Amino acid sequence: MDKLLLILGAKGFLGSYLHSYFEAVATTKVIPLYRPLFDICDKATYEQLPPDKELLLFDAITVNNWNKTDIKCVNIHGHKNFIDWLNSNNRRYHYVYFSTLSTLKISEHLANDYIVSKFIAENYIKEHCKNYTIIRVSFLFGKGENKNRLLSRIINKVQMGEDIQVDDVFLNLTPVGELGILFKNNEFLKSREINFIDGVTYRLQELVSIITEKINPAKSQVTFTEKKINLAFNENYFTNGYTFKVKEALVQMIEG
């Protein structure tokens, strides 16, 4: 890569992974950007971007806190303002935006402000960025994630010996470390849209059973509901038969 590589949201779960990955393998300078140093909702912070460099921007900024105002401010207005600023200042850039596979089924998620915001941001990028890549992933997980996220929350509750109830949900999972497949040989620059999934479906109850078996199963009482929800995508997209090491990554999380 001969571009200056910037990671937006470098302190978050995904951003931290991207920063560590590219620090290890990139042949160009890697610059992590995060609040308050860089705030996508504050135009004044945009000015720090070098004016004479071609930019490879990895956008890992996102808000999913169930607050409609915050989600709109960051995921919609912030991204729009930043892209408009890049274009009005004639910056040379390639915009790599991380989104969710759920935008492909937006009609099923019209009540979900987060998914709608990602869908709107995707369309703005497609309409206003000359060079871009949209990477849609399924449920990302791995070591170092926020403890409020699904698998980390379950692991923590089992470790604390709390009783938990788990819905009978079917879903796809992507260990964050598997994203390296996309970056090897600059694969992510070869397509404008990448749906990154191996097509393998997991039952949440099965994953919870692995967790309880690894962490003293006598401590927590786990109740499984009969309600079945299909959150999964069965298609095989980018990976061409490569299967993610989901259970191995889950065990690594449990073992710390």
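**Exercise 1.** Is Glu206 buried, partly exposed or exposed, and what is its relative accessible area? Describe also the salt bridge that Glu206 forms with Lys247.

*Solution.* The model is a predicted one.
Step 1. The relative accessible area of Glu206 is 32%. Buried requires a value under 20% and exposed a value over 50%, so Glu206 is partly exposed.
Step 2. In the salt bridge between Lys247 and Glu206, the closest N and O atoms are 2.6 Å apart.
Step 3. This pair links distant parts of the chain, with Lys247 in helix H7 (residues 246-255) and Glu206 in helix H6 (residues 204-214), 41 residues apart.
Step 4. For Lys247 the relative accessible area is 34%, and this residue is likewise partly exposed.

**Exercise 2.** Determine which strands pair with E3 and how the residues of E3 are placed.

*Solution.* Step 1. Strand E1 (residues 4-8) runs parallel to E3 and is joined to it by five bridges. Within this pairing, Leu56 of E3 has Leu5 opposite.
Step 1. Strand E4 (residues 93-100) also pairs with E3 in the parallel sense, over five bridges. Here Val96 in E4 is the bridge partner of Phe58.
Step 2. Side chains in a regular strand alternate between the two faces of the sheet. In E3, Leu55, Leu57 and Asp59 point one way, while Leu56 and Phe58 point the other way.
Step 3. Five of the five residues of strand E3 (residues 55-59) are buried, so the strand is largely enclosed by the rest of the structure.

**Exercise 3.** The structure holds eleven salt bridges. Examine the pairs Glu122 with Arg136 and Arg203 with Asp168, and state which parts of the chain they tie together.

*Solution.* Step 1. The side chains of Glu122 and Arg136 meet in a salt bridge at 3.0 Å, N to O. Glu122 lies in helix H3 and Arg136 in strand E5, so the pair ties together parts that lie 14 residues apart in sequence. Both Glu122 and Arg136 are buried.
Step 1. A network of salt bridges links Glu122, Lys126, Arg136 and Glu193.
Step 2. Between Arg203 and Asp168 the closest N and O atoms are 2.7 Å apart. Arg203 belongs to strand E10 (residues 202-203) and Asp168 to strand E7 (residues 164-171), so this pair ties together parts 35 residues apart in sequence.
Step 3. Arg203 has a relative accessible area of 31% and is partly exposed, whereas Asp168, at 2% relative accessibility, counts as buried.

Notes:
Residues are numbered from 1 along each chain as its sequence is written. This is a predicted model: local features need pLDDT of at least 70, side-chain atom pairs count only at pLDDT 80 or more; totals for chains, interfaces and linings use all residues. Side-chain values use heavy atoms; hydrogens and water are left out. Buried means under 20% relative accessible area, exposed over 50%, partly exposed in between (1.4 Å probe, protein chains only). Helices (H or I, at least four residues) and strands (E, at least two) are DSSP runs, numbered from the N terminus. Two strands pair if DSSP finds at least two bridges between them. A salt bridge is a side-chain nitrogen of Lys or Arg within 4 Å of a carboxyl oxygen of Asp or Glu.
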